[in-house]
Amino acid sequence: MANLPFDLENKTFGKFQCLIENSSEIINHDDFFCFTEGYMRDFNLPPENISKHIFSCANQIIKDWPLPNCITGSFSAIIGQSEKNEVIICNDLIGVYPVYYLFIDDEVYISNSLILMAIISNCDFDDVGIIQRGIGPEYSNFGSRTILKGCKRLLPGEYIKIKDKKIVARKFDNSLYQNISTSNKSQDLHHDYWIQYQKEVEYALIDFDEVNIALSGGLDSRLLLGAIPNFKKTKCLTYGEDDYYETKVAKKLAGKAKSSFENHSQIDLYFPPPEILKNYHLKTEAVLVCSWLEILENIQIKTRKPILLGDMTEALSGRNIKAYSGRNFRQKNFFKYHFFGSDYLFENANKVNFQDWKRRTTAHYDRWYTDKRTGKFQLSLKKEQFINGIHHDLNEIFSRIESHNLPYTELYDELFMWYTHSRIPMGKQILLCNSDFFSYCPPMSIQLLRRTSNIHPNLRLGNRFLNKLFKLKGLKNLNTIPTSQAPIIPQNFPRLLKMPVWGIRSKIDHYLIKRLVRSKDLNKRYRLFKSLNWPLIYQHPELENYLNSYFHPNHLGKGQFEHIKERTMQRKELVQWPFGNTEIIANASLNLEIETIEKYRFPN
């Protein structure tokens with residue numbers, strides 16, 4: 001215990017030995033103990049007393065899976081029954097909060113920390129998992145794979161029962177898209193949806209008088225802001241300078257909602273000092289979007305409170321339905337779908353087009369994992385082994401999608417993105433905020449996501465459903481503020497007015513970016529409206545020193561480090577446009593994770 005990089009308590013429940021950060025987070029009953037991340041709620045109970053809700057939900061999980069409609073939440077759970085010598089592990093429909101499990105040396109290990117799992121079990125690393133984490137497009141593992149050999153992460157909606165060190169039951173929640181509405185645009189689905197949305201937020205905030213909300217100024221965070229009960233004390237948080245356009249939008253929204261507002265800015269944290277990167281990665285294993293560090297490092301927190309985040313699946317707007325959400329498609333077909341209101345057409349799903357979609361998706365990822373990219377890693381892995389591993393992991397996701405019997409081929413892409421992009425890289429924002437808050441995303445809860453997926457995609461695309469929602473009482477006033485995408489024009493104005501403004505702003509931004517890159521003059525304007533200045537971020541005086549420190553010692557291989565360093569310096573010198581640093585931070589976090597495991601793991 002003394003040699004671990006965590007401050008943990010050792011608790012015993014029957015035959016189960018538990019290492020936990022805070023024993024108060026475990027619900028201990030005569031029949032079972034339960035540990036959860038996120039939140040679980042029972043709509044059959046009054047909105048009070050979190051412990052009663054967790055106890056009721058745990059009982060429901062023990063009884064059966066999937067959960068009935070009275071149970072909601074966004075969570076992972078570990079439930080132990082000492083007398084039966086059984087453990088149940090499960091997570092919600094997307095599975096943002098991880099649960100890992102490992103069978104090795106006649107022992108079973110279960111944890112929400114991959115680092116702790118590796119240290120205690122002393123298992124080997126998985127080369128396929130390491131390369132997946134180091135190469136885009138997601139910089140994360142697919143399916144159940146991790147960077148540890150034999151160690152798996154629960155799949156979305158998965159339930160596993162373990163008895164006598166064996167898996168005796170495995171079930172899945174396949175309840176998305178199972179009762180899709182008609183495509184008729186005259187339906188009034190938004191009224192019932194808004195009532196349920198408000199109820200979800202109210203139940204998520206049980207026992208808390210104060211709540212924080214991550215307010216970007218976009219439509220997802222506006223929905224959350226409008227749904228928070230009036231009797232809750234609300235603080236709106238955003239990152240960015242006072243004079244950033246996005247900050248001004250968020251501040252106006254907070255004013256409309258009569259909420260307090262804080263914005264924090266510290267751009268040197270986009271390349272954080274190594275000790276800060278290490279601190280947050282140990283706590284969350286989720287450092288990727290460093291914008292959140294501007295808040296987490298500067299806000300004054302006395303007691304842990306909830307923070308609500310917007311929809312990581314972008315479900316209500318159908319943004320992950322690739323056939324109709326691409327920028328070129330939207331520009332070319334603006335009048336057809338937004339002015340004349342034509343219906344989007346969908347192809348009926350069948351086994352043939354599902355197999356075609358699987359082949360195209362697999363080929364897309366095969367093109368990512370080229371010999372040139374994978375060869376940069378210092379790993380003794382044959383190309384055939386790696387490709388077989390990738391295909392195995394993709395097939396796990398394909399199997400989860402196939403189980404839903406989706407009605408339209410266009411929905412394959414959406415559910416695939418929920419199970420990959422939304423689940424891990426986007427979801428890491430929730431986990432990172434969990435370091436100092438109780439971080440919740442109500443739109444990704446079981447009941448709201450089921451309900452959202454059952455809104456016909458013809459009604460969701462093009463913000464059609466969102467536009468209806470924002471005409472309702474309680475949201476109207478938040479719709480008078482422009483978004484950052486279409487500045488100046490209020491959000492409730494017709495798209496015929498907003499779209500040209502959006503297009504003009506986008507083209508001017510593109511021109512200014514190209515001009516700045518050509519001139520290499522950092523003093524030139526880089527956007528029409530002031531916003532986060534990525535060229536200046538890459539001028540961090542300690543950039544090269546930090547980069548060397550992130551990869552010292554280097555566990556990924558000389559070639560990968562040189563690749564990351566070269567790209568970083570090219571962005572600093574404006575040879576490449578420096579928009580984001582996901583690739584750099586993802587690899588730095590991965591290297592730090594491996595180093596921590598190597599440093600603290602128990603000797604053989």
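Guide: Start with one definition: two strands pair if DSSP finds at least two bridges between them. Keep in mind that this is a predicted model.

Visitor: Which residue in β10 is the bridge partner of Ile 88?
Guide: Strand β10 covers residues 158–163, and β6 pairs with it in the antiparallel sense over five bridges. In β10, the bridge partner of Ile 88 is Lys 161.

Visitor: Which residue in the hairpin of β5 and β6 takes a positive phi?
Guide: Four residues lie between the two strands of this hairpin. The positive phi is near 55°. The residue that takes it is Asn 85.

Visitor: How many residues of strand β6 are buried?
Guide: Buried means under 20% relative accessible area. Strand β6 spans residues 86–91 and is largely enclosed by the rest of the structure, because the buried residues number six of the six.

Visitor: Which residues of β6 point the other way from Glu 86, Ile 88 and Cys 90?
Guide: In a regular strand, side chains alternate between the two faces of the sheet. Glu 86, Ile 88 and Cys 90 point one way from β6, and they are buried. Also buried, but pointing the other way, are Val 87, Ile 89 and Asn 91.

Visitor: On to charges. How many salt bridges are there?
Guide: Side chains of opposite charge can pair when their charged atoms come close. The cut-off here is a side-chain nitrogen of Lys or Arg within 4 Å of a carboxyl oxygen of Asp or Glu. By this rule the salt bridges number 22.

Visitor: How many residues apart in sequence are the parts tied together by Asp 393 and Arg 145?
Guide: These two form a salt bridge, with the closest N and O atoms 2.4 Å apart. Asp 393 lies in helix α14 (residues 383–402), while Arg 145 lies in the loop between α3 and β9, so the pair ties together parts at a sequence separation of 248 residues.

Visitor: Are Asp 393 and Arg 145 buried or exposed?
Guide: The cut-off for buried is under 20% relative accessible area. By that test, both Asp 393 and Arg 145 are buried.

Visitor: What is the relative accessibility of Lys 185?
Guide: Lys 185 forms a salt bridge with Asp 343, the closest N and O atoms being 2.6 Å apart. Asp 343 sits in the loop between α11 and α12, and Lys 185 in the loop between β11 and α4, so the pair ties together parts 158 residues apart in sequence. Asp 343 counts as partly exposed because its relative accessibility is 36%. Lys 185 also counts as partly exposed, at 33%.

Visitor: Which helix holds Arg 460?
Guide: Arg 460 forms a salt bridge with Glu 414, the closest N and O atoms being 2.8 Å apart. Both residues are buried. The pair links distant parts of the chain, 46 residues apart: Glu 414 is in helix α15 and Arg 460 is in helix α18.

Visitor: Which residues do salt bridges with shared partners join into one network?
Guide: Asp 393 and Arg 145 form a salt bridge. Salt bridges that share partners make one network of Asp 126, Arg 145 and Asp 393.

Visitor: Which strand holds Glu 210?
Guide: Glu 210 belongs to a negative surface patch with Glu 48, Asp 207 and Asp 209. Glu 210 counts as partly exposed because its relative accessibility is 34%. Its strand, residues 210–214, is β12.

Visitor: Where is the cis bond to Pro 137, and what is its omega?
Guide: Pro 137 lies in the loop between α3 and β9. The peptide bond from Gly 136 to Pro 137 is cis, with omega near 5°.

Visitor: What is the relative accessibility of Leu 574?
Guide: Leu 574 lies in the loop between α23 and α24. Phi of Leu 574 is positive, about 60°, although it is not a glycine. Leu 574 counts as buried because its relative accessibility is 2%.

Notes. Residues numbered from 1 in each chain as written. Predicted model: local features only at pLDDT ≥ 70, side-chain atom pairs only at ≥ 80, totals over all residues. Heavy atoms only, no water. Patch = residues over 30% accessible without salt bridge, like charges linked within 9 Å, V, L, I, M, F, W, Y side chains within 5 Å. Areas by Shrake-Rupley, 256 points an atom, 1.4 Å probe, with all protein chains shown as cover. Lys, Arg positive; Asp, Glu negative; His and termini not counted. Charge placed at Lys NZ, Arg CZ, Asp CG, Glu CD. Buried < 20%, exposed > 50% of the residue type's maximum accessible area, 1.4 Å probe, protein only.
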